[in-house]
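Subject: Handing over the structure

Hi,

Here is the structure I promised to pass on. Have a look at it first, and then read my notes below.

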Amino acid sequence: MNTDLLLQLITNGLIVGLLYGVVGMCFVLVYKSTQIVNFAQGEFLLLGAWVCWAFLVYMQIPFFLGFIFTMIFMALFGVLLQMIVLRPMIGEPIISVIMVTIGLSIFFQALTKWIFGVAPQSYPKVFEADSVNILGLNIEPAYLMSTVIALMIMVGFYFFFKHSKHGLAMRATAFDQQAAQSLGISVKQVFAMSWGIAATVSATAGVVMGMVNGVSDSLSVMGIKVFPAVILGGLDSIVGAIVGGLTIGVLENLAEFFDSQYFHIGNMYDIAPFYVLLIILWFKPYGLFGTKDIERI
């Protein structure tokens with residue numbers, strides 16, 4: 001067994017799994033506050049990556065300044081998207097709202113192709129070194145940056161929900177929208193805030209993935225790859241999203257290792273997490289940390 005390769009792939013899986021967990025938290029955030037599954041989440045990654053690339057290439061500004069401008073742009077974009085497109089859908093059947101998010105996904109994919117073209121683009125070189133050796137493992141600087149950012153986002157989420165006024169308002173709205181509104185909480189503002197945060201945090205993951213692999217339409221697929229992680233952890237659990245993201249990230253890389261070394265089936269990297277998801281859901285239909293919903297008839 002190639003132990004060095006196995007350790008390298010597990011480390012890569014944990015790092016990418018943190019990004020999955022961060023994007024998964026956005027799924028949970030939108031779902032808990034609005035009861036909507038946002039199928040355009042992957043397009044937030046794609047749009048954020050393209051916007052940051054445009055700042056760096058067209059405006060020739062330093063990376064970290066472009067990164068900050070991208071986060072500001074995506075926060076405003078998420079808020080405006082909720083106000084203009086999704087707010088009029090409040091009170092409509094859930095399936096109608098879900099179809100709107102699917103329509104937004106298709107629209108944003110077409111829009112980015114029209115504006116930026118279909119050819120993949122590489123980010124300007126941000127870090128001098130191509131990789132950093134840590135305990136014998138070669139890790140790309142972009143992944144190290146993403147690890148730090150992901151951990152900061154997770155800690156920020158914890159303090160935001162536990163100790164901030166807006167975080168408590170968001171938790172109250174997620175628990176019971178009518179009760180929250182009766183206590184003076186603006187549910188519309190909470191909805192807009194949740195979409196703004198989801199767009200900003202997802203764009204962070206998009207920028208990191210764009211730095212590593214280049215910017216292309218394939219970035220939007222990450223939204224679909226994260227969805228099994230969210231279901232695995234529990235659609236209404238922030239902790240579950242993190243655990244599910246780490247699990248899927250490691251499983252992908254373990255599947256790639258064993259397939260390349262022993263099985264030689266092919267494509268195990270993409271399909272193995274879905275098989276594990278099905279097995280776990282047989283025993284835990286609400287996910288590992290999801291809240292069991294009991295309805296009386």
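(Helices are DSSP runs of H or I with at least four residues, strands are runs of E with at least two, and both are numbered from the N terminus.)

Before I go on, please keep in mind that this is a predicted model, where local features need pLDDT of at least 70 and side-chain atom pairs count only at pLDDT 80 or more, while totals for chains, interfaces and linings use all residues. Residues are numbered from 1 along each chain as its sequence is written, and side-chain values use heavy atoms, with hydrogens and water left out.

Back to Ala 172. Its relative accessibility is 26%, so Ala 172 counts as partly exposed; buried means under 20% relative accessible area, exposed means over 50%, and partly exposed is in between, with a 1.4 Å probe and protein chains only. If you set aside the neighbours within four places in sequence, Ala 172 is in contact with Ala 180 and Ile 185, where contact means heavy atoms within 4.5 Å. Val 187 is 15 residues away from Ala 172 along the chain, and the C-alpha atoms of the two are 9.7 Å apart.

Now the whole protein. It has 11 helices and 2 strands, and from the N terminus the order is α-α-α-α-β-β-α-α-α-α-α-α-α. The radius of gyration is 19 Å, close to the 19 Å that the globule rule gives for 297 residues, so the protein is as compact as a globular protein of that length. (That radius is taken over C-alpha atoms, and the rule is 2.2 Å times the number of residues to the power 0.38.) The C-alpha trace spans about 60 × 50 × 35 Å along its principal axes. Of the 297 residues, 48% count as buried. Among contacts between residues at least 6 apart in sequence, 73% join residues at least 24 apart.

One last thing: how many disulfides are there? The count comes to 0, a disulfide being a pair of cysteine sulfur atoms within 2.5 Å. The sulfur of Cys 26 has its closest cysteine sulfur in Cys 52, 17 Å away, which is too far for a bond. Cys 26 is buried, at 0% relative accessible area, and Cys 52 also counts as buried, at 0% relative accessibility.

Cheers
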